[in-house]
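This briefing covers a two-chain model, topic by topic. Please keep the sequence and the structure in view while reading.

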Amino acid sequence: MSKKSYSVAIRDVIAEEMSRDDRVFIIGEDIAEQGGIFGCTRGLLEQFGEERVRNTPISEAAMIGAGVGASISGMRPIVELMYMDFTFVAMDQILNQAAKIRYMYGGKATLPLVIRGQQGVGRGNAATHSQSVESIFMHFPGLKVVMPSNPGEAAGLLRTAIRDDNPVMFFEHKILYNTQGEVNDDPDFAIPFGEANIVQEGSDVTLIATSQYVNRCKAVAEKLKQDGISVELIDPRTLVPFDTETVIDSVKKTGRAVVVHEAHKTAGPGAEIAAMIMEEAFNYLDAPVLRLGAAACPLPFNLNLENAVVPQEADIESAIKKVLYK
Amino acid sequence: MDQEKMLWIYRKMQEIRKFEERALLLFERNELRGSVHLYIGQEAVAATVCSHLRDTDYISSTHRGHGHCIAKGAELGPALAEMMGKATGYCLGRGGSMHIADVTKGNLGANAIVGGGVPIALGGALANQMRGTDDIAVAFFGDGATNEGIVHESMNLASVWNLPLIFVCENNLYGISTHTSQSTAVEDISVRAVAYDMPGETVDGNDVLSIDKAIVKAIERARSGGGPSLIECKTYRWQGHWTGDPQVYRTREEVKSWMEKCPIKRFEEYMVSKKIATEDELKKIEEEVIVQMDAAEKFALESPEPDPATVMDNVFCY
């Protein structure tokens, strides 16, 4: 194990996979000399050269289209988006092409494509650069959706993403880049998709959280322990495929569930997870499933306003108490 | 161009023509459904361009894609079966008329989103460039696509990366019902190449020899590392935008005047006058294609429907 930041963990896996497989290459804005504005490709140009570490023009649709075409043609491209908010300018290539081609071609095309980048609040980037956009990609079949919450998982999940033969949307979080964590040094260390991580076992309530909220929920769970509340914290790690079994088993045990994410609450991942719990564990529930997500409001620039839109520790704590009728 | 290549182009044009005529008949008999966009009148472009391509060269095509697919090696039976949604179709009945693909033959797919296939061909060109071969890619698209941002992004990127990619624009004068004069700021789409520092040329898209001259130059440039080119082929679709198009936007006289410029007939006359083939030899090819088409129709009609139990197959690769 080595201690690494989330961004270095990502960088190292890209480098290891590029060393292992000549077909892996990376394209994106300012990723070559600059090493990406968040440093996730730092040093790759020097190591692999400009053929495999390519700066692109600010043309997200063409970048992703190039990734789609190159992947069908036998390569294994990684496309870095500077902000996952920018998927919106490339939506046709993601939703109409990448997600559908394999199915539409009767399974006769393979698209090993990773579209990765950061999203979320925390750096005062305001409404068009602070969103959490993952639920859109859960909705349309054909894409895998990954949400790593710490450096070790970022490494293990990214390796799986690069080796997967399907298009993968890989959502990093901007405020996690500088966080440190233990990372497995095994160059084949990979975390399978569709296997949730039980971050902490508990018996009173199931708390399901993604991305930066995993850490924040851990702190809340620690605090509630002192009040005698035992929280089982689950990080699904991948939203598509989703580990229904782990979540349902937990809810059957605790009888209560709270879902927390940074994406908007309306039609967010929590809506899907809550509905799934209702369908599969209704008879075990002692309280309605509660969802916490960003308010139905664009993300504001001002920090206090931003905090007012996305769930805070106090909101998580009170939601847990509410399902416990405390 | 040698005799063998000319006869290949002629045969492909006949295959495309007969295929499209048969598809129209089958549509009228309710044997096929969905959006069917016929390529009749434009055959010279697909056949001539693809006559120079290898299986390892890629193409991407459009909603009007049957011609490109056939010219790039699609068999008529599975292509027609796909249009009927049959289990034996190229896409197992999942894609239909607008999504016929055969990656093994370098056909990265027809594409129902206008301009959507262009960056995909670019990705194919990128893969070929990175593998260090002299294989190339061709993006086929219509006049309408040149007003989509993605096509301009792709032209710029292809030029910046010096990709072995040829942009083949088939300007058939209408985007559905809207004439290019109402939609497109330039008369010759090829001039748009200037903005991306690549050669651009406009040719008579109903004339095999003119297309051939331009494509040979562009291919030589692409294969030798010279980068992308844009070729605009001025042509015309004889049928409406789709099979149910009332065609209120053009006159019968206009359609008739273009039918007089039939690319197949023109090429026939050329080959006979130059003694490359006799009328009888060409007639024989046409008859062979009709027999081939009859067999394709029989194959498609007799093919089974896909099993609904398999509907979820291939959303993902496992």
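The model is predicted. Chain A is divided into domain 1 (2-183) and domain 2 (197-323). Chain A also touches chain B, through 35 residues of chain A and 34 residues of chain B. Each chain has an open sheet, with 7 strands in chain A and 5 strands in chain B.

**Domains of chain A**

- Between the C-alpha centres of domain 1 and domain 2 of chain A the distance is 26 Å.
- Domain 1 of chain A puts 24 residues into the contact, and domain 2 of chain A also puts in 24 residues.
- On the domain 1 side of this contact, the elements that give two or more residues are helix H6 (134-139), E6, H7 and E7 of chain A.
- The domain 1 side that touches domain 2 of chain A is made up of 13 nonpolar, 8 polar and 3 charged residues.

**Sheet of chain A**

- The strands follow the order E3-E2-E4-E5-E7-E6-E12 in chain A, and their pairing is mixed.
- Strand E3 (53-55) and strand E12 (238-240) of chain A are the edge strands, each of which pairs on one side only.
- On average, neighbouring strands of this sheet are turned by 20 degrees against each other, direction ignored.
- Strand E2 (residues 24-28) of chain A runs parallel to E3(A), and 3 bridges join the two.
- In this part of the sheet, A:Ile27 stands opposite A:Arg54 of E3(A).

**Contact between chains A and B**

- In all, 35 residues of chain A are in contact with 34 residues of chain B.
- Helix H3 (60-72), helix H4 (91-98) and helix H5 (101-104) of chain A each supply at least two residues of the chain A side.
- H3(A) gives the most to that side, with 9 residues.
- By class, the chain A side has 15 nonpolar, 15 polar and 5 charged residues.

**Sheet of chain B**

- The open sheet of chain B has its strands in the order E1-E2-E3-E7-E6, with parallel pairing.
- Strand E1 (58-60) and strand E6 (200-204) of chain B form the edges, and each pairs on one side only.
- E1(B) pairs in the parallel sense with strand E2 (residues 137-142) of chain B over 3 bridges, and B:Tyr58 stands opposite B:Ala137 in E2(B).
- Helix H8 (residues 208-223) of chain B lies across strand E3 (165-171), E6 and strand E7 (229-234) of chain B, and runs at about 170 degrees to E7(B).

**Helix H11 of chain B**

- Helix H11 (residues 279-302) of chain B has 24 residues and reaches 35 Å from its first C-alpha to its last, which is close to the 34 Å expected at 1.5 Å a residue.
- The residues B:Leu282, B:Val289, B:Met293, B:Ala296, B:Glu297 and B:Ala300 of H11(B) are buried.
- An α-helix has 3.6 residues a turn, so residues three or four places apart point the same way.
- The buried residues of H11(B) pack against helix H1 (3-28), helix H4 (76-83) and helix H10 (263-273) of chain B.

Definitions and conventions:
Residues numbered from 1 in each chain as written. Chains lettered and ligands numbered in written order. Predicted model: local features only at pLDDT ≥ 70, side-chain atom pairs only at ≥ 80, totals over all residues. Helix = DSSP H or I, 4+ residues; strand = E, 2+ residues; numbered from the N terminus. Expected span 1.5 Å × (residues − 1). Buried ≥ 20, exposed ≤ 12 C-beta atoms within 10 Å, placed from the backbone. Contact = placed C-beta atoms within 7 Å. Pairing = 2+ DSSP bridges. Axes fitted to C-alpha atoms, helices over the stretch in contact; angles between N-to-C directions. Nonpolar A, V, L, I, M, F, W, Y, C, P; charged D, E, K, R; others polar. Domains from an automatic or database assignment.
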